[in-house]
Amino acid sequence: MFIKRTDLALEARELWQESAERTSRLSGVKATKTKLEGYPLTRVDILNEKGEAALGKPQGSYLTIDLTTFWQRKADFFERAVRAVGSQLKALLPAQGPALVVGLGNPAMTPDAVGPLAADSVLITRHLISAMPKHFSGFRPVAVFRSGVLGTTGVESAEAVRGLVAEVQPALVIAVDALASRRCERVCTTVQLSDTGIVPGSGVGNHRSALNQETLGVPVYAVGIPTVVDAATLAADLLEESGLTEVKPERLRQGQQTLMVTPRDIDQQVRDLSKVVGYGINWALQDLEIEEINALLS
């Protein structure tokens, strides 16, 4: 059976609702919609095993911020996006304790570079607090790690992060990675936050060992930006919309090749949204205004 692919809980819920056989209320899942800083926010809570089975995702909270209007670049668009991401992430995190921010992905592959680029905008304070505790007493200890990918390091991201967690002993891990969306209009226009951890490389089809509380021993919070759409999933939606159901989209998945679709100007979009995520992490972890973050990163 052909399964449409998405890493977004919002879209997984939409796919369940679109199923012809399922007209009843989705048990074990709660969804709410609001607006934050002018950007639409959808929260999907998977409450029990029934919800897990329906959406194919672990129990927890998934928040999707729609940043479509970000690209219109209206007044304070960047600051509002940072506050939206930062405030929602802060609500998920423990109030205290050192944090380890992990930038997952391959910096040499633009659609997979969200993690490393976001890490560039995160304030690193752990070493400063250790060296000058009086001067930096108001900062939360934060360490940053760019895990790289198996093909260039020979080490699984989960293995590297697990060893670092044992050494650094953070109270929490924030993992940033690229995701796959079902729909082109959500590529580089949404940010998903969750408290359930993440599977590195899932956005580009390279599924690895999970990073979550079970594997690392500390809470893991995931921040993801969809940068690609699975071509077979896109074809399936287009075929359904046109009524050409006799053509089988799974033919695009034959053999070893998996085709991915990404925007033409993916470079700029990934750079801009990765900066939003990095600043949002700072907003969530430190008691700083955006102007102060700018000054400290410059």
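This note goes through strands, salt bridges, a charged patch and some distances in a predicted model.

1. Basis. The model is predicted, so local features need pLDDT of at least 70 and side-chain atom pairs count only at pLDDT 80 or more, while totals for chains, interfaces and linings use all residues. Residues are numbered from 1 along each chain as its sequence is written, and side-chain values use heavy atoms, with hydrogens and water left out.

2. Strand 1 covers residues 29-36 and runs antiparallel to strand 2, with eight bridges joining them. Strands here are DSSP runs of E with at least two residues, helices are runs of H or I with at least four residues, and both are numbered from the N terminus. Two strands pair if DSSP finds at least two bridges between them. Thr 34 stands opposite Leu 41 of strand 2. Two residues lie between strand 1 and strand 2 in this hairpin, and Glu 37 in the turn has a positive phi of about 55°.

3. Strand 2 and its other partner. Strand 2 spans residues 39-46, and six of its eight residues are buried. Buried means under 20% relative accessible area, exposed means over 50%, and partly exposed is in between (1.4 Å probe, protein chains only). Strand 2 is also joined to strand 3 (residues 60-66) by six bridges, again in the antiparallel sense. Within that pairing, Val 44 has Tyr 62 of strand 3 as its bridge partner. In a regular strand the side chains alternate between the two faces of the sheet.

4. A parallel pair. Strand 4 (residues 99-104) and strand 5 are paired in the parallel sense, over six bridges. Ala 99 has Val 142 of strand 5 opposite. Strand 5 (residues 142-148) is mostly covered, with five of its seven residues buried.

5. How many salt bridges does the model have? The count is eight, a salt bridge being a side-chain nitrogen of Lys or Arg within 4 Å of a carboxyl oxygen of Asp or Glu. One of them joins the side chains of Glu 14 and Arg 186, at 2.7 Å from N to O. Glu 14 lies in helix 1 (residues 9-18) and Arg 186 in the loop between strand 6 (172-181) and strand 7 (190-194), so the pair ties together parts that are 172 residues apart in sequence. Glu 14 counts as buried because its relative accessibility is 19%, and Arg 186 counts as buried at 16%.

6. The turn of the hairpin again. Glu 37 also takes part in a salt bridge, meeting the side chain of Arg 83 at 3.2 Å, N to O. Arg 83 belongs to helix 3 (residues 77-92) and Glu 37 to the loop between strand 1 and strand 2, so this pair ties together parts that are 46 residues apart in sequence. Arg 83 is partly exposed, with a relative accessible area of 25%. Glu 37 is partly exposed as well, at 30%.

7. Helix 10 and a loop. Asp 272 forms a salt bridge with Arg 73, and their closest N and O atoms are 2.8 Å apart. Asp 272 is in helix 10 and Arg 73 is in the loop between strand 3 and helix 3, so the pair ties together parts that are 199 residues apart in sequence. Elsewhere, salt bridges that share partners join Lys 4, Arg 182 and Asp 237 into one network.

8. A negative patch. Asp 287, Glu 289, Glu 291 and Glu 292 gather in a patch of negative charge on the surface. Patch members have over 30% relative accessible area and no salt bridge, and like charges are joined within 9 Å. Glu 289 sits in the loop between helix 10 (266-285) and helix 11 (290-297). Glu 289 counts as partly exposed because its relative accessibility is 44%.

9. Two distances. Val 29 is in strand 1 and is buried, with a relative accessible area of 8%. Val 29 and Gly 60 are 31 residues apart in sequence, and their C-alpha atoms are 9.9 Å apart in space. Ser 242 is in helix 9 (residues 231-242) and counts as partly exposed at 45% relative accessibility. The C-alpha atoms of Ser 242 and Thr 34 are separated by 32 Å, the two residues being 208 residues apart along the chain.

How values were computed. Patches are made of residues with over 30% relative accessible area and no salt bridge: like charges are joined within 9 Å, nonpolar side chains (Val, Leu, Ile, Met, Phe, Trp, Tyr) within 5 Å. Accessible areas come from the Shrake-Rupley method with a 1.4 Å probe; for residues, only the protein chains shown count as cover. Lys and Arg count as positive and Asp and Glu as negative; His and the chain ends are not counted. The place of a charge is taken as NZ of Lys, CZ of Arg, CG of Asp or CD of Glu.
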